[in-house]
Amino acid sequence: MWSLSYRNHVIMAFPSFDTATSRWAAQANISWVVGPVRESEFVRFPKRVGSEAEAVASALSAARVWIDKREKMHHGLSPHGTQEPGSIRALGSGLMR
């Protein structure tokens, strides 16, 4: 099993051989902790590659992008883990009321 820890998420790559195309599919299970529970998402990426090793590398890379997008959408964070400027103003204005 291939796994990677990235931004408080655990990525486990699950390459799969696609018999229809005779190519390898990149897939990953991505999990993270929310309070006392662990949540996860199994993601199938559209890219097909020629080898199992390429599918693993592709899955790990695509999963990092998936996490960055998820974090940005759910937490108002940039892909580098810093708050977007607008979210600070929005939070500040809400606290003043």
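Mentor: Let us begin with burial: a residue is buried under 20% relative accessible area, exposed over 50%, and partly exposed in between, using a 1.4 Å probe and protein chains only. Helices (H or I, at least four residues) and strands (E, at least two) are DSSP runs, numbered from the N terminus. In this predicted model, local features need pLDDT of at least 70 and side-chain atom pairs count only at pLDDT 80 or more, while totals for chains, interfaces and linings use all residues. Residues are numbered from 1 along each chain as its sequence is written, and side-chain values use heavy atoms, leaving out hydrogens and water.

Trainee: How many of the 12 residues of strand 4 are buried?

Mentor: In strand 4 (residues 23-34), 9 of the 12 residues are buried, so this strand is largely enclosed by the rest of the structure. For the protein chain, buried residues make up 30% of its 97 residues.

Trainee: In what order do the elements of the protein chain run?

Mentor: The chain has 2 helices and 5 strands, and from the N terminus on the order is β-β-β-β-β-α-α.

Trainee: Which strands does strand 4 pair with, and how is pairing decided?

Mentor: Two strands pair if DSSP finds at least two bridges between them. Strand 4 is joined to strand 2 (residues 9-13) by 5 bridges, to strand 3 by 3 bridges, and to strand 5 by 10 bridges. Strands 2 and 4 run antiparallel, as do strands 3 and 4 and strands 4 and 5.

Trainee: Which residues in the hairpin turns have a positive phi?

Mentor: Strands 3 and 4 form a hairpin with 4 residues between them, and Ser22 in that turn has a positive phi of about 55°. Strands 4 and 5 form a hairpin with 2 residues between them; here Gly35 in the turn has a positive phi of about 60°.

Trainee: What does Asp18 touch, and which side chain does it join in a polar contact?

Mentor: Contact means heavy atoms within 4.5 Å. A polar contact is a pair of N or O atoms within 3.5 Å; within protein, one must be able to donate a hydrogen and the other to accept it, and residues adjacent in sequence count only if both atoms are side-chain atoms. Asp18 lies in strand 3 (residues 16-18) and counts as buried because its relative accessibility is 18%. Not counting residues up to four places away in sequence, Asp18 touches Arg23 and Arg48. Arg23 is also the bridge partner of Asp18 in strand 4, whereas the side chain of Arg48 joins that of Asp18 in a polar contact of 3.1 Å.

Trainee: With which side chain does that of Gln27 make a polar contact?

Mentor: Gln27, in strand 4, makes a side-chain polar contact of 3.3 Å with Arg44. Gln27 counts as buried because its relative accessibility is 12%. Leaving aside neighbours within four places in sequence, its contacts include Met12, Phe14, Phe42 and Ala59.

Trainee: Why does Val49 count as buried?

Mentor: Val49, in strand 5 (residues 37-49), counts as buried because its relative accessibility is 7%. Beyond four places in sequence, Val49 touches Arg23, Trp24, Glu54 and Ala55. Val49 and Ala26 are 23 residues apart in sequence, and their C-alpha atoms are 8.0 Å apart in space.
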